[in-house]
Structure formats: C-alpha cells, structure tokens
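Thank you all for making time this morning.

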Amino acid sequence: MTDIQLWTLVFVVITFSFYIYIAYRSRVRDTKGFYVASGGVPAPANGAAIAADWMSAASFISLAGIVAFATNGYFGSAYLMGWTGGYVLLALLLAPYLRKFGKYTVPDFVGDRYNETARLIAVIAVILISITYVAGQMAGVGIVFSRFLGVGLEWGVLIGMVIVFFYAVLGGMKGITWTQVAQYSVLIVAYLIPAFAISSTLTGNVVPQIGFGEIVSQLDAIQADLGFDSYTGALEGEALRNMFLLTVALMAGTAGLPHVIVRFYTAKNVRAARYSALWALFFIALLYVTAPAIGAFSKFNIINPDSGNGLNGVPIADTPEWYNNWADVGLISVNDVNGNGVIDLAADAVPAAEAVPGQFGELVINNDIVVLATPEISGLPAPIVGLVAAGGLAAALSTASGLLLAISSAVANDVYYKRINPGATEQRQVLAGRIAIAGAIIVAGYFGVNPPAFVAQVVAIAFGLAASALFPIIVLGIFWKKTTAMGAASGLLAGFGFTFIYVITTVPIVGDALTTPWFFNIPATSIGAIGLLINVVVTIGVSMFTPKPTPVMQELIEEIRYPGKSKLVEAHLTGAIDEEKLHGESGH
Amino acid sequence: MDDAAKKAYWRSNVRVVSVLLVIWALVSYGAGIFFADALNTAVPDFLGFPLGFWFAQQGSIIVFVVLIAVYVWYMDRLDKKYGITEYEEEVRHS
C-alpha cells in the first residue's frame, strides 16, 4: 500500500463513520420527518445541506477540468455562471412561495396548482432527471475508489451504495440533511486547502482568487505559443450564441432541479427559506470562485514547458509519476501521432479529424481527473491527496442521497399514496418510501458499474430537461394567476417533449448519435433554453383560450405570495377545501 | 393585512425582484458574455485579469451572492413594514 492509498483510506474511514453516526442519531419514523425533516432545519444548516446536495461529483471533480481543458478556458465560464446564477432565480422566484405552499414534493405543487395530467408528466420528469443524474454520481464514486484505493470499480460502487442506503433509508430527509452538513464541511475543506497551497507555491500569493490573475496571463502566452485560442479570449458568432444559450439552460435547469427545490420545504418557514437560499449560494460560491483558479493552476502546471512536473515536450518513456498513476486507470493518455516519442502539445499536432474529446495536442485528458490529480501534480504531501479523495466522495454521496430521496418521494408520495393507495397509514407510506429508495439505489449502482455512454452527457440531459419542464410552469403558476391547468400541461409536454427528443436524437446514448444537431446547429447541452422558451409560449398561449382557474384557486395563489399565516393556505393543507371548488372538477 | 396592503406588498415585492433580476442579467449575460470582448479590451488588467473574463469567472458569482443578500434584507424590512411577524410553519402532504 502506498502512502497515498493509506491516507485516503484513513480519511475515508473517518468521514464515513462520522456520516453513519450522524444518520443513526437523526433516524425518523413519520412521513414529515422522512420527506422534509419535519420542516425544522435552521437556515445556515439548511444552506450547507443544499450546497452539499447541489455540489455533485460534477462540481467537485469535473468543474475545474471543464473550465480549463474542455475548451479554451473562457467558454467554461458558462458552467460557473449557470450553476450559481440559477440560485438567484430560485431565491427570488421560487423558494419563498413554494415554502408557503407547504406541500412535500415538486409534483405535489404541479398537481395541486394544475391537474393530475400535469402531475403525472412532472413525476416522469423528476424520475428521469434524477436517475440520469444519480448514475453520474455513482460513476464518480467508482473513479475515486479505483484510483486511490486500488479496489475494483464494482467494489467501490458497492461500498458507496451500502453507505447511502444506510443513511438515506434510516434517516430519510432528516438523516440526509444533517449528514450533508457534515459532507459540506468535508468537501469544502478538501477543496480549499490544496487551492491555497498551490496558489502560494505557484504565485507566492496565498489567496487563489488573486494568484489566479497572474497565471491566466501566462496561460494566454503559452496557449498562443502552442497555437490555441487565448485562455481569456471572448467569443463571437455561433460560439457566442451557444455559450449564451448554455448559460440560460444551466440557470433555469438549476432552478428546476427537483432535489434542490424540495430542500426549501425543509426550512422552518418562509423567512427561513429565503435565508436558506442565501446561505446555500454563499457556501456554493466558496467553491465556485475557487474552481476556475484550480483549473488554471492545473493547466499551467501541465502545459508550461518550464514546470518541473508537466508534460509539455516530455519524452513518453519518462513521464512523471502522477501521469503514470492516472494512465493506469485509463483517464489520461498520449496519442503520439508524429511518432517522435515526445509529448507534443501544439494545437496542430493531431489532425482535427482524429481528435477525441479531451484532446489537447497529443495529450488526451479526462476532465474528471483535474481536481483529483492537481495535488499530486503540484507535489503536495500524501495526506492532502487523501483528503481531496474523501472530499470527492462526500460530494458524490451527498448529491446521490438527495437525488434518491427525490425519486423516493415522487414514487411513494405522488404515485403510491396519491394514485394507488390513498388510505395508506403513515407507517406504510414511510415503508413505501424506503422501498423506493432501495430500488433506486440498485438501479443507480447498476449504472455506476456499467456506465452507459450517456453518463458524460448527464449535464445535457438532466439540466435541459429540468429547464424545459419544471422551472417555467412553477414560476408562471405563482406569478400569473390565470395560468390554466391545460396551459401548463400542454407547455410541460411541448417543452419537455421537444428537449427530450432533441437530446436522444443528437447525443450518443446507445452507440452513435442518430443525427447531428438539427435545430439551428444548437448543441444538445444548450437546447434546454429553447425548450424553456417553447414551454413558456405554449403555456401562455393555451392558457388564454382555456377555462380559467377557479376563484378559490386564484385566491390561494394570491395567498402564497405573502409570507404570513393564512387561513386559506392552512385549509388547503389540511384538505378542508372542497376539490370541486378548488379545481372546478371532482375526482381530482 | 387588508386587500390594499396586500396589493402594495406584492407590488413592492415584484419591483425589487425585477430590479435585482435586471442586475443579474447585466452581470452574467452582459458583462460575462455579450460585452466580455469589449470589457477585455477596455480594461485588460483588473487584478491581473481582463475585465470581461473576470466577470465571467469571478465577478458575476460574487454579485449573485450580494443580490440574494439584498433581497433577503429588503424582504425582512418589507415584512416588518406590513406587520408580518408570524410566518406559516406548517408542511403537509395532500
């Protein structure tokens, strides 16, 4: 066992025992505790839990790599702005009102505000979005285990499944929330410590957000030497348009992700929901303003011809140890096209037709390794490498558990309780929720061990679907009283349907993609913005010509706009309002 | 709250949300994307960064946090002005 493996094991064992202990302390028995932690989580803790829930393997492991390597450097800003800017939408347009509305799940709001058709489409959207997303988390867990602990991918995923199963099934939302608070602490420490260390050794300035400034101008120069676009250069034409659409899709998608929205129900009241959003974005921003710095440091270390541990112009027989470790697990490789036995990073070293995703000169680098490999590349000691691995696991597990809970509440609350067995007791509902979580974990684990080709496209699928499905009809439902049930159901179906069809036809899901992007050459990652527009236009259009919501419903919508106590909202929560009066139809 | 107060409260709410969202769009879509090139040229060295690039990778995120902070502060003040001291605390499923 190497030093790195030993330290990784130490940190993994300590953090995992900690999570299990917390979950055991906060186990629950009733549905209110299981789905929304009894609505009693203080705002800073709720904010930290939202941050951990939100920051997945994609944020922790991949983000810096996406920004620094996937394109010239600047284009990746779409992810930085998109994944944080969505919280402004959440805080200002959704969180306070949904909290006042007071139901457990996103489909609950859709079903109550509109009708059962809309609820059903929303349930399908929630399950599809969450399963896609959770598969990516399990794959992230597998990467960390196989690289740092030398265990097989299958065992890595299995250990992850058992841990998540234990605390999600036992603790429900309450257990998950308090575990996520711990996981946030682990992941942010694991992210910031190496960033500070690298910034001070590389630039002499300990604050990475400042040291970063010195590095980007040098990156501009190195990329120019190699024949790449400048690191900081802005875009124009189609690239500019696609970046804009991607940012819109990511922002609206963030605000429409069911496992994030549901967290605002765990806040104590409307005021606490607002503060939760503030704390959440603050905690998220700590990582998000650091990620581009880590990405730039890492790219600088790898491509700078003068850095001791880099790859630019290094003979293939003489690569540094960190490279060999990652090459062993297949996440970095060199395609020596000119056969000179030296890694050539020039932009024209590999003909464009032969380039694969992650190609940089003759180097092929997986985005996912940038953060995990950076401490090794920079020569930081083994305990820090182990800490980063534990942080990556915390990020993946916390997001996976939040998603599993969203799936479970959609199945147990919106399908089992609302459709199949409305007379179910509290115990039976919690049991159904636990069975649903167990089922979802097995599906997620299967995808973690046998990652389908689309895992790399998770962003396109999950965010595009969330942006085009849930976000617009929730916002319209709150801000425009006259949005009708038929309007929302048609908008949901049109926006979600368009995005879904576009994604499955243009993304390689099984084998090759069926066609090239057929709508104005917009890439699948950016298409959610168009789906969103379609949803809004159809919802408004159809709402103008269909029966208006009942007066009681309009009054209820008006009531959720004010944070104080309200008799009508309370009557709605206890089910005291007659269905006929609320929806203008019975058998709702 | 009577009906007139409710209307006034909602109008203030919509106004503050609109103003904040305009700023939100200006820093991200404006400074970070559409005007990034112009800002890069105009201010090539802001803390070492070209300004448009800085907005895209640092500035917009910092402004987002400030926007929510202003919103939370403003809404607290608004609640106080309209005498809202008790908040709805119930959560239920249907």
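In this predicted model, let us begin with helix 4 of chain A, residues 57–70, and helix 15 of chain A, residues 369–377, whose axes come within 6 Å and cross at roughly 90 degrees. Because angles of 65 to 115 degrees count as roughly perpendicular, helix 4 of chain A is described as roughly perpendicular to helix 15 of chain A. Which residues make this contact? From helix 4 of chain A they are Phe60(A), Ile61(A), Ala64(A), Gly65(A), Ala68(A) and Phe69(A), while helix 15 of chain A brings Ile369(A), Val370(A), Val371(A) and Leu372(A). Sorted by class, the contact between these two helices has nine nonpolar residues and one polar residue, with no charged residues.

Staying in chain A, we can turn to helix 20, which runs over residues 528–544 and so has 17 residues. From its first C-alpha to its last, helix 20 of chain A reaches 24 Å, close to the 24 Å expected at 1.5 Å a residue. Its buried residues include Gly528(A), Ile530(A), Leu532(A), Asn535(A), Val538(A) and Ser543(A).

Finally, let us look at how the two chains meet, where the contact takes 59 residues from chain A and 46 residues from chain B. On the side of chain B that touches chain A, the elements giving two or more residues are helix 1 (3–34), helix 2 (36–42) and helix 3 (51–81) of chain B, and the largest share, 17 residues, comes from helix 3 of chain B. By class, that side of chain B has 28 nonpolar, 10 polar and eight charged residues.

Definitions and conventions
Residues numbered from 1 in each chain as written. Chains lettered and ligands numbered in written order. Predicted model: local features only at pLDDT ≥ 70, side-chain atom pairs only at ≥ 80, totals over all residues. Contact = placed C-beta atoms within 7 Å. Helix = DSSP H or I, 4+ residues; strand = E, 2+ residues; numbered from the N terminus. Nonpolar A, V, L, I, M, F, W, Y, C, P; charged D, E, K, R; others polar. Axes fitted to C-alpha atoms, helices over the stretch in contact; angles between N-to-C directions. Parallel < 35°, antiparallel > 145°, perpendicular 65-115°, else oblique. Expected span 1.5 Å × (residues − 1). Buried ≥ 20, exposed ≤ 12 C-beta atoms within 10 Å, placed from the backbone.
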